[in-house]
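I hope they are handy to have beside the viewer.

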Amino acid sequence: MTEDTLPPLREVIARHGLDARKSLGQNFLLDLNLTRRIARGAGDLADVTVYEVGPGPGGLTRGLLMEGAAHVIAVELDRRAVAAQSDIAAAYPGRLTVIEGDALAMNERELMAGKTAVKVVANLPYNVGTALLVKWLTAEPWPSWFQSLTLMFQREVAERIVAEPRSKEYGRLSVLAQARATAKILFDVPRTAFVPPPKITSSVVHLVPKDWPADGPSIRSLERVTAAAFGQRRKMLRASLKSLGRDPLPLLAAAGLPETARAEEIDVAGFLRLAKALEA
Ligand code: SAM
């Protein structure tokens, strides 16, 4: 489909009194060419149920439907936006379900029960974007209920997600994201593409879940060691890991890591070994 027959998004916003609220992280995308490009970032959407968080006036929702998503299930906190979505649902019969609710509190596994292919695509509210990503990546059991995540973040958060060891962006989020998924930045979106424009550039990140090693540690142990290590990132691990309540030296030895190493020098495999040592 090249165009939909729905009114331009500016009109939708005016009609539903959807003036953007900062408290809800509302920065809307009004260019359907851009939202369709984001939708294409998620790959083939035929036979796919897309989980969209925060559809707002529906620019990305429409992009997803135009790009062939079999079904979009969207969760939105703002009642005004839920009303705006009903016109889209009418234009795409049976292909859009909108739920009024808080994505942070949503039980996605239950919501997606019986769906064979689920992809998450969202222009996330900045105030909850990282919390949602962590929620999805730490979900148990693994592999999870989604096939991929295609998400908009502030550029700075996107850089942390894909950061390599020995860079200043490398931290807890990098280790978690890269332990659980293959992550890449697809493209940047200038601040002027949003209404109202945020202060900084955004980036679309694509994450595809990886298998968890059969003999790997629990995700909780991985979170514990990265919290301890990066909580005091300038210290050597032999000092920072004391906060785990264990003697760090045998842990480091079991993980094959030098006592003098600092958090930012340890790659994802090293953190996985350290988390496993913590469980021994
Ligand atoms: N998808 C739309 C777009 O691209 O134009 C809107 C994106 S806007 C950055 C974020 C949206 O998330 C807003 O519509 C906001 O109301 C909604 N939102 C904020 N917090 C939410 C939450 N906890 N659960 C669900 N939706 C939320």
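1. Let me start at the domain interface. Salt bridges between domain 1 and domain 2 number 0. On the side of domain 1 that touches domain 2, helix α8 (residues 172-180) gives the most, with 6 residues. That side of domain 1 has 6 nonpolar, 4 polar and 5 charged residues; here Ala, Val, Leu, Ile, Met, Phe, Trp, Tyr, Cys and Pro count as nonpolar, Asp, Glu, Lys and Arg as charged, and the others, Gly among them, as polar.

2. A word on the basis. This is a predicted model, in which local features need pLDDT of at least 70 and side-chain atom pairs count only at pLDDT 80 or more, while totals for chains, interfaces and linings use all residues. Residues are numbered from 1 along each chain as its sequence is written, and side-chain values use heavy atoms, with hydrogens and water left out.

3. Domain 1 covers 9-209 and domain 2 covers 219-279, bounds that come from an automatic or database domain assignment. Their centres, taken over C-alpha atoms, are 33 Å apart. In contact (heavy atoms within 4.5 Å) are 15 residues of domain 1 and 15 residues of domain 2.

4. Now the ligand. It is surrounded by 20 residues, and L29, G54, E76, D102 and N123 are the closest; the cut-off is a heavy atom within 4 Å. The side chain of Q26 places an N or O atom 2.9 Å from a ligand oxygen.

5. The whole structure holds 17 salt bridges, each a side-chain nitrogen of Lys or Arg within 4 Å of a carboxyl oxygen of Asp or Glu. One to look at is E11 with R15, whose closest N and O atoms are 3.4 Å apart. E11 and R15 are about one helical turn apart because they sit 4 residues from each other in helix α1 (residues 9-15).

6. Please check the backbone too. The E140 to P141 peptide bond is cis, with omega about -5 degrees, and V195 to P196 is also cis, with omega near -10 degrees.

Definitions and conventions
Helices (H or I, at least four residues) and strands (E, at least two) are DSSP runs, numbered from the N terminus. A polar contact is a pair of N or O atoms within 3.5 Å; within protein, one must be able to donate a hydrogen and the other to accept it, and residues adjacent in sequence count only if both atoms are side-chain atoms.
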